[in-house]
Amino acid sequence: MAIRYIEQDRTFWLDTEHTSYIMAVVDEENFVGHVYYGQKLQYTEGTPAPVYLMRTGEAPFVPSKNNRERVSFLDSFPMEYPGNGLGDYRESAVSIRTVGGHVGVQLNYVSHEIVKGKPALPGLPSTFPGEEDCDTLILHLEDQTTGLTAELIYTTFEKVDVITRSVILKNTTEQPIYLTKVMSACLDLDCTDEKYDILTLHGSWGRERQMERRSLMHGKQSVGSVRGESSHQEHPFIALLSENATQDTGEVYGMHFVYSGNFLAQAELSQFDSVRMTMGIHPENFVWKLEQGESFAAPEVVMTYSSEGLSGMTHHYHDMYREHLIRGEYRDKKRPILINNWEATYFNFDTQKLLAIAKEAKACGIEMLVMDDGWFGHRNNDDSSLGDWKVNTDKIKGGLKYLVDEVNNIGLEFGIWFEPEMISPDSDLYRAHPDWAIHIDGRAATQSRCQYVLDLSRKEVRDYVYDQVSAILHSANIRYVKWDMNRQLSDLGSSYLSADHKEELFHRYVLGVYELQERLVTEFPNMLLENCSGGGARFDPGMLYYSPQIWCSDDTDAIERLLIQEGTSLIYPLCSMGAHVSDCPNHTVGRVTPFETRGHVALAGTFGYELDVTKIPKEDREQIPQQIAMYHKYHELVREGDYYRIASYSENHLYDCWAVSAKDKSEVLVTYVQVLSTPNVHSRKLYLKGFEPQAVYRLEETGETFTGEILEKYGFAVTNYDNYAIAADFNQEEKGLDILAHLDVVPAGEGW
Ligand code: GLA
């Protein structure tokens, strides 16, 4: 068992392969305190657990023996799940309101259980044990005054060095309790002189998940979303880094939220320099009424610790998500190389046009055609028809089945776009059911992209949407769905929810989306689902539970993608990042990049095309078969290998470099992208990563050999990088396997 209870010290000791997490119950009042999270500590039977540093022996800190200084205790003790309103002035994990209007709450230990495996969270996406052994600790806590109870749930994923956390709150009294805040996890690190940074991911449409690192100062620093989705703007992730942490060294604590709605991720440096990290549903616009006997399950937090810098954290998350979050047939399977018609045609297409693209795509080796927005209702731009999921036969002449059959006859599979959560004011659905749109009674609802959001808290609305989508999917041989969501929520209101449940809407909405996607993947288990939200606004672990890949960003420019994909791959495996080769000048930024560069950058994701293959320049068209051959050669390595960040364009503003190394280090694919040239400089030295130090690797292109150690410590030279592109292959001599370095150079002065 990776979890032990040490009775004499009332201590819970959770181990993974390289980390330990320790908590203790203290004082006769049974406070649950955080003791330690970090590098693995060896427990020796019979020796005391390291609880002395909790300083409960120091007079002011013992509440039962020093009631007059109770606040001194409450405001400094490292609480595992801090309550609210009673003297701990730091960020609370839970707050409530009773029918009498009181807000105080403090949950203390009652009992615990340790079980094999991992229970699922009702109605929520969550990580699962898979073949690896997991153990789960459930701490039962209670607030005797209000009758609120909590189960704090901890599961150890030993091999990937992850601990997951969630909380189930229950009302055991006869009166309702209103939950006004429920964090899923709190990590209260009792530090003294350590200095920390925090790392978060920020963005906007077209530039999602850019890394941002800053010093942790006194007070609270947070990121969050109140937009009804995890959002383009901030990401439900926060990492605490020792000040000197680098890619490969230093301490990193990561927290990532398996949730797709409003969130708060925060780090607080207290007056005594302890750090309290919290993560959960954002408390703004959140009140949840619990009737007698009812429970509320808070979404899961995936927590990890690395003593090997950011790389260590990245590897933990990549392995965790590949093995314990992504589900379905495509998890371990080659994803089809698709061509999507969005940037090729936008709304201007018909059967003939799509078949022409399909024919040319087939000749290039592409495997699937995806028909994007504009095939239904009378939608010829973005101002109508969402909700009317009926094929527009003026455009799709002959009907959907005819089109799909023809595409299949050409030799391609077929995929389709939906935006099931939305309703256009100009739609038959809205004319029939205006109250199905989220709105505040008596106030004109706010439009965004000319649309409203459907009230998915209502079962009848969910059923309607599901039936529409399912009927289309049954009507033809459709093997892929792109599920889009192109606006954020506003106008917190519902004609359906009563006044004391209205502020449950945003969470109920997310639960509604999860229910719909669960139904979809259950009814169509062999279909590939790709989530999307105006690009990457809902790229989060919650959605990853339903779809093995998510569209990363509407910005398909290869250079912009270096930044977006770097931030995304900090925590997500490459195989989850939707990435396509698109046309130039790029539709978002107008930049021109070599076709080869676009291919190499898209290869660090799911790989596909988003262009009119019948119209692109001949030289580009001719490169597609080579790119496709490259995908066939490396898809498995990219999907399953370890990702190493070697150089970052976001830091050096000149070039970018990463590697993907097979788990046994027998094969390494290094990608280098030169963004800007510098005149009159020596060759560039790259300190490669992901190699076995003593193994000999051969560069296939030239036959040169290197030891892994030399490549990593002495470096690999990129020469003459001013005006050409090369792809170079290494062979590993002893094992006879390929090691590849793709050296990809953007010609100087082109495009900007
Ligand atoms: C969003 C998606 C795009 C495309 C359009 C269609 O912006 O991110 O890929 O599907 O919607 O309207």
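Guide: Let's start with Asp554: an N or O atom in its side chain is 2.5 Å from an oxygen atom of the ligand. That is a polar contact, meaning a pair of N or O atoms within 3.5 Å; within protein, one must be able to donate a hydrogen and the other to accept it, and residues adjacent in sequence count only if both atoms are side-chain atoms. Asp372 brings a polar side-chain atom to 2.6 Å from a ligand oxygen, and for Arg449 the corresponding distance is 3.0 Å. The protein covers 97% of the 310 Å² of accessible area that the ligand has on its own (areas come from the Shrake-Rupley method with a 1.4 Å probe; for residues, only the protein chains shown count as cover).

Before going on, please keep in mind that this is a predicted model: local features need pLDDT of at least 70, side-chain atom pairs count only at pLDDT 80 or more, and totals for chains, interfaces and linings use all residues. Residues are numbered from 1 along each chain as its sequence is written, and side-chain values use heavy atoms, with hydrogens and water left out.

Now widen the view to the shell, where 13 residues surround the ligand (each with a heavy atom within 4 Å of it). The closest are Asp372, Asp373, Lys482, Gly535 and Asp554. By class, the shell has six charged, four nonpolar and three polar residues. Here Ala, Val, Leu, Ile, Met, Phe, Trp, Tyr, Cys and Pro count as nonpolar, Asp, Glu, Lys and Arg as charged, and the others, Gly among them, as polar.

Next come the empty spaces. Rolling a probe the size of a water molecule over the atoms shows where empty space is left. On a 1 Å grid over the protein atoms alone, a cavity is a set of points where a 1.4 Å probe fits but cannot get out, while a pocket is an open set with protein on both sides within 12 Å along at least five of seven lines; lining residues have an atom within 4 Å of a point. Grid points are joined across faces, edges and corners, and a volume is the space filled by probe spheres set on the points.

The largest pocket has a volume of about 660 Å³. Its lining has 27 residues, and Glu308, Ser311, Gly312, His315 and Tyr644 lie nearest the centre. Strand S19 (295-306), helix H2 (309-324) and strand S31 (642-647) each give two or more residues to this lining, and H2 has the largest share, with five. Helices (H or I, at least four residues) and strands (E, at least two) are DSSP runs, numbered from the N terminus. The pocket lining counts 10 charged, 10 polar and seven nonpolar residues.

Helix H12 (residues 618-640) gives the most to the lining, four residues. Sorted by class, the lining of the largest cavity has four nonpolar, three polar and two charged residues.
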